[in-house]
Amino acid sequence: MTADVAADRRRGPAHWVAARGLRLGWVAAAVGVAAVVGFGAAGLWALATASAGLAAGVVVAATGTRQVTRAQRAELENLTAQVDRRAEQVAALGHELRTPLTMIKGAADLLLERTPGPLTAAQERFLQVIGHQCTHVVALCESLLTQAKIEAGLFTPRLERADVSVLARDVVTAMRPLCAQRQQRITLDTPQVTPRIPADPLLIAQAMTNLVSNASRFTTIGGNIDVRVMAVDTGVAIYVTDDGAGMSREQRQRLFHRFATGRPLEDGTGLGLVITKTIVELHGGSIMVDTASARGTTFLFTLPAGTSGKAGPA
């Protein structure tokens, strides 16, 4: 059994039969051509017989081609339906988890504000753990919802002229409390004037938040995180640097894959980096990483002044 036949059989009986018929049709057509050439000098009757064989072979080959096309179209529709169904299931799960977790976190925040009454030191510590874990799982639900949009083909940017420096300042301001909990120092360096580029502000802010959150998670307590925005010839470049443990070559190869992170035994699903890479590429940019063990990590992504991203509903 040849490799082609084995591959056809793996795709299903209908596809195998159609492919088999297509091959036989083209063989018949080839035989017909040879017969026409060979019997052309043997007389009108032999020539007519060979021509009929050629026509029959062509008809069989054309029929086989249509059958293969229909089989391939049915297979594509089946795969598309499976992807859509899985995306819907993930989206439903993320939504059902996010709503009660948000309520739990809100209740914990109210208790931490001591609105219902005073707290002991142990109670405050437990509530902080509850709040932190709820925040982590809510973020995971958001990532799952975004991943479901990506798989369903619904994840497209809404472009407008955006100032990346302003977006970076907003992200750093929002991330300071998280870094403060871990006694980490976060700094921001932006040019005085940043060219406005076509971008979706919400998606770019999400990409930067993912990178800063990733840097905070993998930087030691008391470490430093630097966010830098630069105007370059092609557009804008954004750097997120930490002084953590860095990554080995093997750990680096697992980046940008779902449910894989750059560290073993660390929390995280790897979805944040997958989503960040998708966001950057949808804007026509690229993302790179510079890392080494014990030397920290820098993520760099670029956004072009003119983008090939498609505007549409996010």
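Q: In what order do the five strands of the open sheet lie?

A: Strands of a sheet pair through backbone hydrogen bonds, either parallel or antiparallel. In this predicted model, five strands form an open sheet in the order 2-4-5-7-6, with mixed pairing. Strands are DSSP runs of E of at least two residues, and helices are runs of H or I of at least four, numbered from the N terminus; two strands pair if DSSP finds at least two bridges between them. Strand 2 (185-189) and strand 6 (286-291) are the edge strands, each pairing on one side only. Residues are numbered from 1 along each chain as its sequence is written. Local features need pLDDT of at least 70.

Q: How many bridges join strand 5 to strand 7?

A: Eight bridges join strand 5 (residues 235-242) to strand 7 (residues 297-304), and the two run antiparallel. Within strand 7, F301 is the bridge partner of I238.

Q: Which strands does helix 5 touch?

A: Helix 5 (residues 164-181) packs on the sheet and touches strand 2, strand 4 (224-232), strand 5 and strand 7, where contact means heavy atoms within 4.5 Å.

Q: Which residues of helix 5 are buried?

A: An α-helix has 3.6 residues a turn, so residues three or four places apart point the same way. In helix 5, the buried residues include V164, L167, A168, V171, V172 and M175; buried means under 20% relative accessible area, with a 1.4 Å probe and protein chains only.

Technical notes:
Predicted model: local features only at pLDDT ≥ 70, side-chain atom pairs only at ≥ 80, totals over all residues. Heavy atoms only, no water. Axes fitted to C-alpha atoms, helices over the stretch in contact; angles between N-to-C directions. Buried < 20%, exposed > 50% of the residue type's maximum accessible area, 1.4 Å probe, protein only.
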